[in-house]
Amino acid sequence: MHFDTYLQTTLDHLDASRVKEAMSYSLFAGGKRVRPQLAIAAMEAYGKDPQQIYPFAAALEMIHTYSLIHDDLPAMDDDTLRRGKPTCHVAFDEATAILAGDALLSEAFYQVTLCHCDDRQKVALIKLLSLYSGANGMVLGQILDMEGELGDLTAAQLERIHENKTGRLLTIPFLAAAVLCEREADLPIWEEIGKRLGLSFQIQDDILDVTSSSAVLGKNINSDEENHKTTYVTLLGLTQAKAQAAAYYEEATNLLHTLAIDPKPLLQVFEALAHRSF
């Protein structure tokens with residue numbers, strides 16, 4: 001079974017409601033599915049059946065989607081376009097969008113309980129998802145990002161924001177695969193790989209925000225500038241930002257080769273991410 005086929009079934013058990021419609025609208029709106037791709041590729045790198053991680057990969061996509069719904073709200077980034085469609089609060093209404101995000105967050109943890117693994121591993125996965133998506137992870141990055149709009153940021157402050165806001169959810173696919181494959185000794189290396197991948201990914205986003213178009217990105221461009229955010233482009237300049245993104249990807253790739261895995265599945269994803277246009 002392909003992952004997208006699995007994902008399409010994940011909300012089938014929910015009763016019909018306007019909230020379910022809004023959840024489906026955002027979850028199935030497309031997108032790059034980067035986090036599930038990384039989780040699946042990591043399982044393949046370990047030589048294991050990637051379908052074992054499908055429920056956790058779906059949980060990651062739900063967490064990511066909920067974060068986008070809430071990010072787009074008027075109280076936060078106030079965006080009107082996401083994945084080439086009106087944002088959730090525009091297509092429905094603000095209250096429904098908030099509840100849809102809340103419900104996707106809850107459903108993510110339900111998905112983890114469906115993983116085919118022992119109870120010890122399930123507890124470890126739930127703990128990872130809680131830590132990396134919550135107030136010591138993605139949510140921490142989000143509040144630091146919002147506070148950063150109040151003034152200019154240093155390189156260290158910007159890095160801390162994006163290590164959490166972007167990097168945490170790009171690190172956790174690797175950690176989950178290591179847990180499911182009983183390779184917990186690899187976790188510190190995966191942490192370093194995820195950190196570098198996340199920073200590179202964010203720098204690319206900052207670059208695309210000023211060099212691409214809404215039609216290509218599927219979202220409003222120049223929103224960072226309008227929200228007076230410090231970005232890697234404003235901090236480093238376009239040329240140096242591109243060089244830094246490439247350097248982080250190279251470091252992540254080099255670290256990948258230090259693990260006792262088949263790196264090819266992940267290298268394919270890394271290569272696609274390094275040359276993405278949206």
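In this predicted model, Thr 65 touches Ser 26, Leu 27, Arg 83 and Leu 104, leaving out residues up to four places away in sequence.

Beyond its neighbours within four places in sequence, Phe 56 is in contact with Val 112, Cys 115, Leu 125, Leu 129, Ile 172 and Ala 176. Phe 56 also belongs to the largest nonpolar core, a set of 68 residues. Together with Leu 38, Trp 190 and Leu 266, Phe 56 is listed among the residues with the most contacts inside that core. Another core, of 13 residues, lies apart from it, and its members include Leu 153, Ile 207, Tyr 232 and Tyr 248. In soluble globular proteins, nonpolar side chains tend to be buried together.

Attention now turns to the backbone. Most residues other than glycine have a negative phi. Asp 78, however, has a positive phi, near 55°. Asp 78 sits in the loop that links H4 to strand E1 (81–82). Its relative accessible area is 45%, so Asp 78 is partly exposed.

A positive phi near 55° is also found at Glu 182, again a residue other than glycine. Here the setting is the loop between helix H10 (167–180) and helix H11 (187–211). Glu 182 counts as exposed because its relative accessibility is 54%, and the cut-off for that class is over 50%.

How values were computed
Residues are numbered from 1 along each chain as its sequence is written. This is a predicted model: local features need pLDDT of at least 70, side-chain atom pairs count only at pLDDT 80 or more; totals for chains, interfaces and linings use all residues. Side-chain values use heavy atoms; hydrogens and water are left out. Contact means heavy atoms within 4.5 Å. A nonpolar core is a set of buried Ala, Val, Leu, Ile, Met, Phe, Trp, Tyr and Cys residues joined through side-chain atoms within 4.5 Å. Buried means under 20% relative accessible area, exposed over 50%, partly exposed in between (1.4 Å probe, protein chains only). Helices (H or I, at least four residues) and strands (E, at least two) are DSSP runs, numbered from the N terminus.
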